[in-house]
Amino acid sequence: MSGAAQEVSGWGRYPRRTTRLVSVRDEDAVAPLHRSGTGLVARGNGRAYGDAAIGADTTLDLRGLDRMVAFDPGTGHLTVEAGVLLADIIDAFLPRGFFPAVVPGTRTVTVGGMIAADVHGKNHHGAGGFGAHLRDLTLALPDGTVRSCGPGSELFAATVGGMGLTGTILRATLRLRRVETGWIRRSTVAAADLDAAMAALEAAHDTTYAVAWIDGLARGAARGRALVYRGEHATRADLAALSPGAPLQPPAGRGALAVPFDLPALTLNRVTVGAFNALYYGRGRAGAGRDGLVGWAPYFFPLDGIRDWNRIYGARGFLQHQCVIPKARSRDTLGAILERVSHAAPSFLAVLKLLGGGGGLLSFPIRGYTLTLDFPATPANLALLDDLDAIVRDAGGRIYLAKDARQSRDTFEAGYGDAAARFRALRRAIDGEGRIASVLSRRLGL
Amino acid sequence: MIETPSAPPKLMLLLGATSDIGHATARAYAQAGWDVILAARDGAGLVRNVADLTARHGRVVEMRSLDIMETDGFADFLNGLPHLPDTVVSVVGLLGDQARSEADPAEATLVMRTNFEGPALLLGLFAERFAARGHGTLVGVSSVAGERGRASNYVYGAAKAGFTAFLSGLRNRLAGKGVHVLTVKPGFVRTRMTAGMPLPKPLTAEAGEVGAAIFRAAEVARRDVVYVRPVWGLVMLMIRTIPERVFKRMKL
């Protein structure tokens, strides 16, 4: 088996671990790899932030499984190999009037990765996670047996959100939804504080897409001030009303802006982030209340416009902290987290979203509010995140595994409880030899 | 309702369609609205690639079985096509094993025939038809390895040198007859052929980059000879200018 030992990290570039990286060229190559070793896990495009897609010993690079298999325009069912990128699906099918039912915040992710993390989008409150729109999937079990499964089966429930630990996902059939244009009709609500932001998200329950950008540095009365973005796929009629004569598809963007090298560690500090946030909030508030048209790319994937944006945090890497807090405890808990963060470290990114429940066994979403924060990976911030975890734990919340690089086993157990126990039982049943293992699964004892 | 007449899609025939560069090239043409025919020896790989293009672009994609070593079958292969393509692209290639080629003439023969004899003869047949028709584009993917023989891969390099010279002669002969001949020298590309080799990042292209570059050079810019990454032009200029008495002592 070829494949060189090399240092591999997730999108956050923390932690970095040495693993043997093996490129997989076709589906038939996977089973023999499973049988030939232990401690391996599949990796897609490396967009999990922490250590989920780093094999304990060996990492299978599945980007070579990038072929689409079949599409039925009558049903919108698309079968693809697991390494196909979301970006490729959108490029191929949006011009034909179809859009994925759920998209996360970046389109540079593979279908296998989206299933393994059961990613959610701005429509989770209504549409559920990515896994809710799968007809079936095929995976190579740890022993190399290839098995197809669908909704209703235990294996399917464990694989959706199972972080690649039930085996290697080889292909899947997903349902695309019909859309009339490539535009999003967006309206913005300026929320002066956290209560207002939560009320605006609550009020958006019958809106397809809703998400809030939060000023993570605002304190006191302005704590939690936010811009709440609601969105709908624009119809031809919307287009005619709001922008007569506009093409059905937004013009392709100019070449992506790139971050060519690691920025110095001081670039993002309280002053720069604070100034940016104040400007951004002011601009958003000025435009609030009016419906506008936004292209699908900047609406769903604003950071994809800046290639290698993870380098803005410098060579030390960064940590993304995404928790979800049960609805009944959300208000006080989120307030406590924002208060703690506003005094400790500037978070360049702060996003708030109301999630529905459901999904696979280990899927992250529960009914409640999810808050996402970014921090440079410094010792002080690692300690800060432990503090935040304690607040999350007390409120009965949990941490998103696709973002996680450092939560403790206690935090994980408290957050996922019974689901973790059932997941482990299934893992014991199908992988007695411990063939599938990631750095994350070893860290959390999964 | 008034029917607006639109030109039928152009047709590209791809030789060696199951290689990574081949499939990237097929995607670039299909993306641009071309019909494509995929030809290769590996049937399962062909089926996989045809399905990919069909699902992505919702267009009919045909496939043909082709063994580049079976030169006697070329005339039948050509006559079995639905119609004469507008463009034929050959990405056929076999790196082989240099050490084995040195010891075993059968291995060396395989490398030479796969990289030179087969593709040159088949493109030569298309050149005749294209010249008779008065238009057509021929694309040969050759290699920087053909610019100077090196100890590490001169059997492959010699075959590619032959192919490059053949394409150059074809271009010279057909320049006034409406037939365009493009020679592509990809440099290092991250593919199955180079898996596991330590390749310098700035000199190494992704397969998708090569596919897009081939389409652009053949159909848009109408180039004659291209390096996929321009830096290779400089690298090869330096390699070609080293005097032989120095070059022979170098480890390259």
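How much area is buried between chain A and chain B, and what percentage do carbon and sulfur atoms give? In this predicted model, the area comes to about 1,200 Å², with carbon and sulfur atoms giving 40% of that.

**View 1. Chain A meets chain B.** Here 15 residues of chain A are in contact with 14 residues of chain B. Keep an eye on A:Arg25, A:Arg67 and A:Met68: this trio supplies 55% of the area that chain A buries against chain B, more than any other three residues.

View 2. The rule picks out 4 salt bridges between chain A and chain B. In one of them, A:Arg25 pairs up with B:Asp20, and their closest N and O atoms are 3.2 Å apart.

**View 3. An aromatic cluster in chain A.** A:Phe99, A:Tyr209, A:Trp296, A:Tyr299, A:Phe300 and A:Phe301 make up one aromatic cluster. Over all chains, the structure holds 16 aromatic pairs. For A:Phe300 and A:Phe301, the ring centres are 5.9 Å apart and the planes sit at 45°, so this pair is tilted. Both residues, A:Phe300 and A:Phe301, are buried.

**View 4. An edge-to-face pair in chain B.** The rings of B:Tyr29 and B:Phe215 have centres 4.8 Å apart and planes at 85°, so they count as edge-to-face. B:Tyr29 belongs to helix α1 (residues 20-31) of chain B and B:Phe215 to helix α7 (residues 207-220) of chain B, so the pair ties together parts 186 residues apart in sequence. B:Tyr29 and B:Phe215 are both buried.

Terms used
Residues numbered from 1 in each chain as written. Chains lettered and ligands numbered in written order. Predicted model: local features only at pLDDT ≥ 70, side-chain atom pairs only at ≥ 80, totals over all residues. Heavy atoms only, no water. Contact = heavy atoms within 4.5 Å. Buried area = accessible area lost by both parts, 1.4 Å probe. Salt bridge = Lys/Arg side-chain N within 4 Å of Asp/Glu carboxyl O. Phe/Tyr/Trp six-rings, centres within 6.5 Å; stacked < 30°, edge-to-face > 60°. Buried < 20%, exposed > 50% of the residue type's maximum accessible area, 1.4 Å probe, protein only. Helix = DSSP H or I, 4+ residues; strand = E, 2+ residues; numbered from the N terminus.
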